[in-house]
Amino acid sequence: MASTYIFGHKSPDTDAINSAIIMAEFERLNGNDSAKAYRLGELNPETQYALDYFKAEAPELLSDDLTDKDVILVDHNEFQQSADSIESANILHVVDHHRIANFHTAAPLYYRAEPLGCTATILYKMFKEKEFEIKPQIAGLMLSAIISDSLLFKSPTCTEQDKAAAQALENLAGVNAQEYGLEMLKAGASTVDKSPVEIINADAKTFEMGDYSVRIGQVNTVDVNEILARQAELEQAITETLSGAEYDIFVLVATDILNSDSTILVLGKDKDKIAKAFDVELDNNTAFLPGVVSRKKQIVPPITAALS
Ligand code: MN
Ligand code: MN
């Protein structure tokens, strides 16, 4: 039987990895024994912490060409965030909570999009609808993804449905969401061991906005000065990335997970337009954005509006 490839986006975050594992479990319970989770990049330390805690195995790194292969996408749909050969794959199903853009298929498919805070919340609902058992490990992976995407329920993307799911999952997984969640976020928030290239590429996504190709990276931290102290080497890495000419603008978002604020570092063509999007001015290429934690809800929409 041909296998079904399940994966989240490139530069995978905890939702992208865990939702692939969870969706593979869903498919198996639904009678598809060939479903297998994959990843499109290295695990970040936060995801590693969650997988270790719940004794789950990391998905295999995808290296196969997907031409004519059956695939299921989770936590993304835009082709530039997906596998390189996605255009020639046979997309069976998408489960996602992002805007729909740069997406098309040749054949009909299942597509489940809900404007919730996390793909794992949608998957939780799918398990409930089918009355599938949610094992403690799967519950832990769902809860970890929700905590990650919602920054412990503080992000404006977090909905009542995400909170309700997390509450139920807390019991199923046998952990205290606040205590476990803070430890998990902290595990992913240290940047001292990371190279500048790792920092700017971790969790970076590319967006087509107006005539611009904008690369937006986000890094969580418990101390934004850890990032700012390395501004010169970060700028050098970003400048090298921009000279590849694939992107016009690079925005690095350093998010303080304890205070729920962000500082952006912006380089590239018309970078002042980025600051204008937030009604601030760049000071030495940086700007403080109080209360901003969500790339999807608070970063991408204003930049898209400013560049379109
Ligand atoms: Mn994601
Ligand atoms: Mn997500």
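Is His-76 buried or exposed? His-76 is buried, at a relative accessible area of 0%. Buried stands for under 20% relative accessible area, exposed for over 50%, and partly exposed for what lies in between (1.4 Å probe, protein chains only).

1. Basis of the model. This is a predicted model, in which local features need pLDDT of at least 70 and side-chain atom pairs count only at pLDDT 80 or more, while totals for chains, interfaces and linings use all residues. Residues are numbered from 1 along each chain as its sequence is written, chains are lettered from A and ligands numbered from 1 in the order in which they are written, and side-chain values use heavy atoms, leaving out hydrogens and water.

2. Surroundings of His-76. His-76 sits in the loop between strand S4 (70–74) and strand S5 (90–96). Helices (H or I, at least four residues) and strands (E, at least two) are DSSP runs, numbered from the N terminus. The His-76 side chain reaches the backbone oxygen of Val-74 at 2.8 Å. Contact means heavy atoms within 4.5 Å. Beyond neighbours within four places in sequence, the contacts of His-76 include Phe-7, Gly-8, His-9, Asp-96 and His-98.

3. The manganese site. Donors are N, O and S atoms within 2.8 Å of the metal (3.2 Å for Na, K and Ca); water is not among the atoms, so sites may look incomplete.

4. The bridging residue. Asp-75 bridges the manganese ion (ligand 2) and the manganese ion (ligand 1). The two ions lie 3.5 Å apart. Asp-75 is in the loop between S4 and S5, and His-97 is in the loop between S5 and strand S6 (110–113); the pair is 22 residues apart and links distant parts of the chain. Asp-75 is buried, with a relative accessible area of 0%. His-97 is buried too, at 7%.

5. The parallel sheet. Six strands form an open sheet with parallel pairing, in the order S3-S2-S1-S4-S5-S6. Strand S3 (60–61) and S6 stand at the edges with a single partner strand each, so one side of each has no neighbour in the sheet. Two strands pair if DSSP finds at least two bridges between them. Strand S1 (residues 4–7) and strand S2 (residues 35–39) run parallel, joined by 4 bridges. Tyr-5 stands opposite Lys-36 in S2. Helix H1 (residues 14–29) packs on this sheet, touching S1, S2, S4 and S5, and its direction makes about 175 degrees with that of S2. Axes are lines fitted to C-alpha atoms, for helices over the stretch in contact, and angles run from 0 to 180 degrees between N-to-C directions. Helix H3 (residues 119–130) lies across S4, S5 and S6, at about 100 degrees to S5.

6. The mixed sheet. An open sheet of 5 strands has mixed pairing and the order S7-S8-S9-S10-S11. Its edge strands are strand S7 (205–209) and strand S11 (286–289), each pairing on one side only. S7 pairs with strand S8 (residues 212–221) in the antiparallel sense, over 5 bridges. Phe-207 stands opposite Val-214 in S8.

7. A helix pair. The axes of helix H4 (residues 136–150) and helix H5 (residues 160–173) come within 8 Å and cross at roughly 145 degrees. The contact includes Leu-143 and Ile-146 of H4, and Leu-169 and Leu-172 of H5.

Definitions and conventions. Polar contact = N/O pair within 3.5 Å; in protein donor to acceptor, adjacent residues only side chain to side chain.
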